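The sequence and the model are shown first, and the description follows.

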Amino acid sequence: MKIVNVTHGSFYAIGAYAAASLTAAWLARGYPPMLSYAVLVVAAIVVAAPFAIFIERAILRPLYARDEVVILLVTYALFLILEDVVKLIWGVNPYFIAEPYALLGSFQVAGMAYPTYNLILVAVALFFGGGLAWLLHSTRAGKLLLAVIHDPEVSRAMGVNVGRYYLATFTLGSLLAALAGAFTAPTVSVVPGLGVEVIVLSFAVVVIGGLGSLPGAAVGAVMVGLVRSASVHYMPQVELFVIYFVMAVVLALRPRGLFSLAEPRKI
Amino acid sequence: MRFMNRLGIAFTAAMAAALPQVAAAQNVKIGIVAFISGPAAAPFGVPAKNAADFVIDELNAGRGPAPYDKKGFGGATLETVVVDEAGSTTTQVTEFRNLVQRHNVDLVIGYISSGNCLAIAPVAEELKKFTNFFDCGTPRIFEDAAYKYVFRTSPTATMDSVGAALYVKDAKPNIKSIAGLNQNYAWGQDSWGDFELAMKVLVPNLEVKTSQMPKLFAGQYNAEISALLGAKADVIHSSFWNGDLEALILQGGPRGLMKSSMTILTTGETAMHKLGPQIPDGTVLGARGPFGPYAPNNAYNKWFSAGFEKRFSAPPNYASYQMAQAILGVKLAWEKAQAAAGGKRPTNEQVGTALENMTFEGPGGTVRMAIGKGHQAVMETVYGTTRLVNGKLTLVNVKRYPAEKVNPPEGVKSADWIKSGFKPN
């Protein structure tokens, strides 16, 4: 959609809060703990979807004709507003749901314990990444979406309901951010400011990979994760610096990121 | 006669109109500053503000235990102006000036962030406004400068780190190695620096396996936990607080971090009330002094903890205790100064003089304004180890260290005192 959407941080936080509060309520009532994973997913989707639809319909839709920088600033403003909305809804006290994290036990690698939940998160990320790639490149809807992103006017002239595609794409992206928050919620203390941390790191990931590129985002995420972990183990004092050093090196060599898409020229 | 009647009516009306102003002038207006929003609000700011609300209401009603049973401050009703500490240090300096120059507060009690305390102290001095820091930990405030109007009725972070080192040495006499996981800013670096220094004094051949300094509020610590598990240090020190502390417990517990190494969490008490049984057995918890579960069983603690819990449906944490003792200390100083002034309302200078070198009792026990030229408090400190009993978190092997053993003597800087092998004057 050619939108650098800063509200993804807010949707991450909304997903985490919705999942933490509703899963805690589920477990407090003595319902089966194994079903708490389903509650995580449903809670994030049900709570985040109305926010996503409202933002796209009421705020972003009138602005699509404007410059991309204007939309970036609007999403940043929305991000700040949603930070306070989250506080109004859930307050400032932390939420915890450790049960889904501990429920699956752990496994040993080189004498160290790793929670099985973390391994499942890797599988979930692969599933969603693969699913998105399939949706975009192997389905009619995905191909039409690529056409809409490239040239909304021509797509509209060809009979594509551009507004519906924008709504669906923005909502899907926001729900994926909310799901990421929901899956992270059992491993952290869900507190105000959760979205701020993730959006900064996510920005580094997508810039390294190349804006708009799905494989780029995946490779960027793996690079950031590996570089940070290596630094933590071998040189912890440069842990913060090293991520942005990698980003600077990549941008110096490939200013549009590792997997930047060829820019189609409009005639 | 008619003229006299009119004069009488006018006089009465004028007096009636003036009465509210006279009454207002008799009130003591206190600026309360704490984090009301942001990540430090839930663990520190809100519990501290709740403590201020509770203590001030109790004092205004004359319900405090003796010698705090006189209404308000020396009979004057207390009113508050609350300021959110969230925002930059520059913002806080502006807000402090607003408190003094626009709200005309009589005194200020507040500040959790060490950075804010360091910035506010010279401004308080410039504006000649009595200011009592209730929570911030950096020892540099009174070690690098001398103030007339600035006080701190809570102990410094040096006490936490030295107390932690003594506890660890007592619990593991043959300790050979340590590792650290602290936030990468002033508090985390100072806490680790003091702990590492104290441990090296106590155990000369100590090996430091690793010192992890992740970003504040990073939230995810799996890489750091792997590094700590791989380091296999005898003891892990962490001064994490808020969501970072809770995330460390939630992520480190299932991976056996607290079982593989004795883990000491210097501010762990704040997580006790929220995470309870999820804190693994054998974790060492501090409360930045004799607060919360370590508070003495005295009349002040009974009054404060029972009343607080009844009103807010949650037990007070150490930030609440620190705020309570900050208000109580100032109350005693105010009333002492008022008595010395023959019952007249004391000036800021007179209240300051009264608080200098004062000793008073509070919900956390004895507070002595013994260092920093009588402006900085010292207290005993306490650490204990968690053990789950019938699903409830309890603290065992609780050890108390007297104030002289965990605080530098008057006129000696913390780092110099630790390097000297904790020599008393």
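## The contact between the chains

The contact between chain A and chain B takes 30 residues from chain A and 36 residues from chain B, where two residues are in contact if their C-beta atoms, placed from the backbone, lie within 7 Å. On the side of chain A that touches chain B, at least two residues each come from α4 (99–103), β2 (112–115), α9 (194–209), α10 (214–234) and α11 (239–253) of chain A. That side of chain A divides into 17 nonpolar, nine polar and four charged residues. Here Ala, Val, Leu, Ile, Met, Phe, Trp, Tyr, Cys and Pro count as nonpolar, Asp, Glu, Lys and Arg as charged, and the others, Gly among them, as polar.

This is a predicted model, in which local features need pLDDT of at least 70 and side-chain atom pairs count only at pLDDT 80 or more, while totals for chains, interfaces and linings use all residues. Residues are numbered from 1 along each chain as its sequence is written, and chains are lettered from A and ligands numbered from 1 in the order in which they are written.

## Chain A

Chain A has 11 helices and two strands; helices (H or I, at least four residues) and strands (E, at least two) are DSSP runs, numbered from the N terminus. From the N terminus on, the elements of chain A run α-α-α-α-β-β-α-α-α-α-α-α-α. The C-alpha trace of chain A spans about 60 × 45 × 35 Å along its principal axes.

Of the 267 residues in chain A, 35% are buried. A residue is buried if 20 or more other C-beta atoms lie within 10 Å of its own, exposed if 12 or fewer, and partly exposed in between, with C-beta atoms placed from the backbone. Among contacts in chain A with a separation of 6 or more, 71% join residues 24 or more positions apart. A:Thr139 sits in the loop between α5 (116–138) and α6 (140–150) of chain A. A:Thr139 is exposed, because it has 11 other C-beta atoms within 10 Å. A:Thr139 and A:Gly129 are 10 residues apart in sequence, and their C-alpha atoms are 15 Å apart in space.

## Chain B

Chain B has 16 helices and 15 strands. Its C-alpha trace spans about 100 × 45 × 40 Å along the principal axes. Buried residues make up 54% of the 425 residues in chain B. Of the contacts in chain B with a separation of 6 or more, 68% are between residues 24 or more positions apart.

## Two helix pairs in chain B

Two packed helices are described by the angle between their axes and the distance between the axes. Axes are lines fitted to C-alpha atoms, for helices over the stretch in contact, and angles run from 0 to 180 degrees between N-to-C directions. In chain B, the axes of helix α13 (residues 318–340) and helix α14 (residues 348–355) come within 8 Å and cross at roughly 115°. That makes α13(B) roughly perpendicular to α14(B), a term for angles of 65 to 115 degrees. Residues of α13(B), including B:Trp334 and B:Lys336, meet residues of α14(B), including B:Gln350 and B:Leu355. The contact of α13(B) with α14(B) has eight nonpolar, three polar and one charged residues.

The axes of helix α2 (residues 41–60) and helix α12 (residues 299–312) of chain B come within 10 Å and cross at roughly 115°. α2(B) and α12(B) are therefore roughly perpendicular to each other. B:Asn50, B:Ala51, B:Phe54 and B:Glu58 in α2(B) meet B:Gly307, B:Phe308, B:Arg311 and B:Phe312 in α12(B). By class, these residues are four nonpolar, two polar and two charged.

## Backbone exceptions in chain B

Most residues other than glycine have a negative phi, and most peptide bonds are trans. A cis peptide bond with omega of about 10° joins B:Ala66 and B:Pro67. B:Pro67 is in the loop between α2 and β2 (78–84) of chain B.

B:Lys128 is not a glycine, yet has a positive phi of about 55°. B:Lys128 lies in the loop between α4 (114–127) and β4 (131–133) of chain B, and counts as partly exposed, with 13 C-beta neighbours inside 10 Å. B:Arg288 also has a positive phi, near 55°, and lies in the loop between β10 (284–286) and α12 of chain B. B:Arg288 is buried, because 32 other C-beta atoms lie within 10 Å.

Methods
Angles under 35 degrees count as roughly parallel, over 145 as roughly antiparallel, 65 to 115 as roughly perpendicular and the rest as oblique.
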